[in-house]
Amino acid sequence: MMMKPKLKAKNILKILKRRYPEVRCALDHENPFELLVSTALSAQCTDKQVNKVTPALFERYPSAMELSSARVADVRRRIRAVGLFDTKSKNLVAMAKLLVKDHGAEVPRDRESLEKLPGVGRKTANVVLSNAFDFPALAVDTHVKRLSGRLGLSGSENVDKIEKALCELFPKEEWRDISHRLIQFGRDVCDARKPRCDGCELYECCDYRGGESPRAR
DNA sequence: ATCCCGAGGG
DNA sequence: CCCTCTGGAT
C-alpha cells in the first residue's frame, strides 16, 4: 500500500500535531538578539547546556552593542559549558561587531544577511527567521534529516535538497512548527540508534520500520 | 565509547 | 563529500 508522498506528508503532519498540540522553540526568547545568540550556541550541545549559560551572558551583554566590544576571553569563560567555546566565543563577538557595523546593532531579517554572520548557518538562520520574525522557514537539523530519510519524504540527499523537498511537501504555514515536531519526535521515539518502532504512531507511514526496509539510517 | 536541535573549512 | 571542534549526557 504505497502512499503518495503528498498524502503521506499530510498524515504525518496530522499525527505529529496530535502528539504535540503546542510546539515551542526549545530556546525561547523575547528578543531576536537572544534567540540568535542562543541558537548559534546550541550547535552540538543540548538546549539545557545553552539555557545554563545564557542568563548570565545576556545580563552582561544585553544587546549586540555591548557584545561587540566584549573581550573574547570573557565570553569564552561565560559560555564554557556549551562546548566548542573557542570558535563560538570568537564568532559571537565578530557577529556582534558585524551587526553594529552593517545592521544598526539589530538582527537582520533576511536570510542572506543572517548567513553572513560568523557562526550562523542555514539552520540557525531558518530558526531566527521563523521564530523571531514569523517568516516562513523550515529548519533542517540532524533529527529532521534522519526522520525525513526514514519516513521516505526525501532521499538521503544533502540538507539543501531535503529542505526544498519538505517545503514542497508541507504547507507554508506549517514550516516553522513541523521541524520542531520532527525534532521532538526524533528525540522521543525515532532515536538515531535505537528507534522505538513498537507502538510508533508513524509506523504505517514509515519506509524504515526499524531497518526492515532498505532505507538510510 | 558515542552522540548531540551545526558551522566552517579542506 | 569529509573532518574537526568541545562539554555533557547516557
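**Loop, patch, salt bridge and DNA contacts**

Mentor: D134 is found in the loop between α8 and α9, where helices (H or I, at least four residues) and strands (E, at least two) are DSSP runs numbered from the N terminus. This is a predicted model, in which local features need pLDDT of at least 70 and side-chain atom pairs count only at pLDDT 80 or more, while totals for chains, interfaces and linings use all residues. Residues are numbered from 1 along each chain as its sequence is written, chains are lettered from A and ligands numbered from 1 in the order in which they are written, and side-chain values use heavy atoms, with hydrogens and water left out.

Trainee: What makes the phi of D134 worth noting?

Mentor: The phi of D134 is positive, about 60°, although D134 is not a glycine. Most residues other than glycine have a negative phi. L84, also not a glycine, has a positive phi of about 50°, and L84 sits in the loop between α5 (72-78) and α6 (85-103).

Trainee: Which residues are closest to DNA strand B?

Mentor: They are A26, Q44, G119, T124 and H143, out of 22 residues surrounding DNA strand B; a residue is near a strand if one of its heavy atoms lies within 4 Å of it. Of the atoms of DNA strand B that come within 4 Å of the protein, 56% are sugar and phosphate. Phosphate oxygens of DNA strand B lie 2.7 Å from a backbone N or O atom of G119 and 3.0 Å from one of G121.

Trainee: Why is the pairing of K17 with E174 called a salt bridge?

Mentor: The term requires a side-chain nitrogen of Lys or Arg within 4 Å of a carboxyl oxygen of Asp or Glu. The closest N and O atoms of K17 and E174 are 2.8 Å apart, so the pair qualifies. K17 is in helix α1 and E174 in the loop between α10 (159-169) and α11, 157 residues apart. The whole structure holds 12 salt bridges.

Trainee: What makes K6, K10, K14 and R18 a patch?

Mentor: Patch residues have over 30% relative accessible area and no salt bridge, with like charges joined within 9 Å and nonpolar side chains within 5 Å; the areas come from the Shrake-Rupley method with a 1.4 Å probe. Lys and Arg count as positive, so K6, K10, K14 and R18 form a positive surface patch. K6 lies in helix α1 (residues 5-19).

Technical notes: Charge placed at Lys NZ, Arg CZ, Asp CG, Glu CD. Polar contact = N/O pair within 3.5 Å; in protein donor to acceptor, adjacent residues only side chain to side chain.
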